[in-house]
Amino acid sequence: MAFLNHGSFGATPRRVLAAQDRCRLAMERQPMRFMMEELPAALRSAATDLASFVGAGGEDLAFVENTTTGVNAILRSLRLGTSDEVVTGDHVYPAVLKTLEYVCRRSGAQVRLAPISLPVMGPEQVVQAYASVITPATRLLVIDHVASGSALVQPVRALVALAERHGVPVLVDGAHGLGMLPLDLPKLGATWYVANCHKWLCAPKGSAMLWANPDDARSLVDLHAPVISHGFDEPFPAEFDWTGTRDFSAWLAVSEALAMRRELGDEEVRAHNNRLARDGGRILAESIGGVPAGPESMTASMSAVLVPGIEGATQALGDRLRALLWAEHRIEVAVPAILGRLTVRVSGQIYNEPAEYERLAAVLPGCLARL
Ligand SMILES: Cc1ncc(COP(=O)(O)O)c(C=O)c1O
């Protein structure tokens with residue numbers, strides 16, 4: 001098969017899965033000893049290892065199950081009032097938008113969407129879109145580091161600077177950021193950064209991180225774990241380290257994913273993936289006469305191309321195309337519908353090769369014609 005959709009759920013190498021299995025075995029061999037004596041230090045050591053990969057300190061980083069959980073922890077810890085507004089972009093991941101809507105519904109606050117629209121001509125378009133909806137009532141900016149549907153890397157530094165001018169805290173949804181982009185979280189300067197380890201770092205499913213900026217006092221105000229347990233009110237990140245009995249092996253195996261990445265060379269892996277995705281995006285655009293979702297300078301290890309001639313596209317249409325490509329050609333690719341546009345999104349990973357994108361380009365026009 002041609003698996004060109006690393007972006008949705010990642011893929012975990014056998015070596016990392018083996019490390020996870022070893023953790024599980026250690027847990028079951030003597031559960032009391034593992035949970036009570038070994039786990040607390042092992043967890044903190046894995047957190048420190050991961051933090052050092054993103055230029056941070058382990059004491060500022062908590063593990064969470066996934067980006068959705070981390071985003072929920074932060075948004076549901078906010079205290080919003082009826083006249084408050086929270087701002088995000090119209091490329092926002094739908095589950096994050098739903099969390100924002102839930103939090104606002106309970107408090108009477110409003111969600112405002114920055115109209116980035118599609119295609120994106122450059123980073124300024126994104127900054128201007130956010131600037132156009134920030135008001136004195138804005139209490140939070142939620143920014144994707146890499147937007148899911150459009151695959152575009154957002155100008156986070158410029159958006160953080162914009163937020164700073166308005167005195168507004170920033171939550172970065174870095175679901176795709178970790179392992180795809182070089183990260184120095186203290187330099188990025190957001191208030192919180194949430195990221196999946198199970199996507200581009202190739203760690204086991206159920207591993208993600210929440211970083212709270214130690215230089216931004218707002219990051220810890222009333223921040224609570226998504227599930228309250230023994231550690232309630234203990235200083236961050238202790239409250240997050242124990243949210244009830246669970247399988248901690250995915251978190252503990254993050255170090256193996258990091259070790260593998262370091263051995264392969266972080267820069268080399270990213271350069272390889274970016275090259276594949278950018279070249280793949282170009283080939284794809286040519287084959288269907290579509291325009292890219294944005295400039296190549298805003299892409300990294302995923303590229304999305306807008307399918308021409310389809311307005312008001314729904315996700316059901318995207319799902320049909322995805323299913324057709326898999327059933328008839330054994331090609332797995334993401335086909336998100338965003339803002340009424342159908343996009344075909346390809347990922348590049350270390351297991352991909354250029355011929356796979358050619359294969360997709362060869363059959364895509366025919367599949368589109370049959371939708
Ligand atoms: C931008 C973005 N945010 C959040 C998520 C949710 O990630 P998870 O399902 O691991 O919580 C995704 C998943 O693809 C995403 O692309």
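# Close-up views

**View A: Val291 has Leu306, in E10, as its bridge partner.** Strands and helices here are DSSP runs numbered from the N terminus (E for strands, at least two residues; H or I for helices, at least four). The whole thing is a predicted model, where local features need pLDDT of at least 70 and side-chain atom pairs need 80 or more, while totals for chains, interfaces and linings use all residues. Residues are numbered from 1 along each chain as its sequence is written, and side-chain values use heavy atoms, leaving out hydrogens and water. Strands E9 and E10 (residues 302-306) run antiparallel and are joined by two bridges; two strands count as paired if DSSP finds at least two bridges between them.

**View B: four strands line up in an open sheet, in the order E9-E10-E13-E12, with antiparallel pairing.** E9 (291-292) and E12 (337-338) stand at the edges with a single partner strand each, so one side of each has no neighbour in the sheet. Further in, five bridges tie E10 to E13, again antiparallel, and Ala304 stands opposite Arg345 of E13. E12 and E13 are also antiparallel, over two bridges, with Ile338 partnered by Arg341 in E13. Look at the hairpin of E12 and E13, too: two residues lie between the strands, and Leu339 takes a positive phi near 50°.

**View C: strand E13 (residues 341-347) is tucked away.** Seven of its seven residues are buried (under 20% relative accessible area; exposed is over 50%, partly exposed in between, with a 1.4 Å probe and protein chains only), so E13 is largely enclosed by the rest of the structure. In a regular strand, side chains alternate between the two faces of the sheet. Here Arg341, Thr343, Arg345 and Ser347 point one way, while Leu342, Val344 and Val346 point the other, and all are buried.

**View D: the structure holds five aromatic pairs.** One of them is Phe236 with Phe240, an edge-to-face pair with centres 5.4 Å apart and 75° between the planes. Rings of Phe, Tyr and Trp (its six-membered ring) pair if their centres lie within 6.5 Å; planes under 30 degrees apart are stacked, over 60 edge-to-face, and the rest tilted. Both Phe236 and Phe240 are buried. The rings of Trp242 and Phe248 sit with centres 5.6 Å apart and planes at 25°, so this pair is stacked. Trp242 is partly exposed at 24% relative accessible area, whereas Phe248 is buried at 0%.

**View E: Phe63, Trp242, Phe248 and Trp251 make up one aromatic cluster.**

View F: Most residues other than glycine have a negative phi, and most peptide bonds are trans. Leu118 and Pro119 are joined by a cis peptide bond, omega about -5°, and Pro119 lies in the loop between E4 (110-114) and H6 (123-133). Another cis bond links Phe236 and Pro237, with omega about 5°. Ala151 isn't a glycine, yet its phi is positive, about 65°; at 1% relative accessibility, Ala151 counts as buried. Asp233 has a positive phi of about 75°, but Asp233 is exposed, at 56%.
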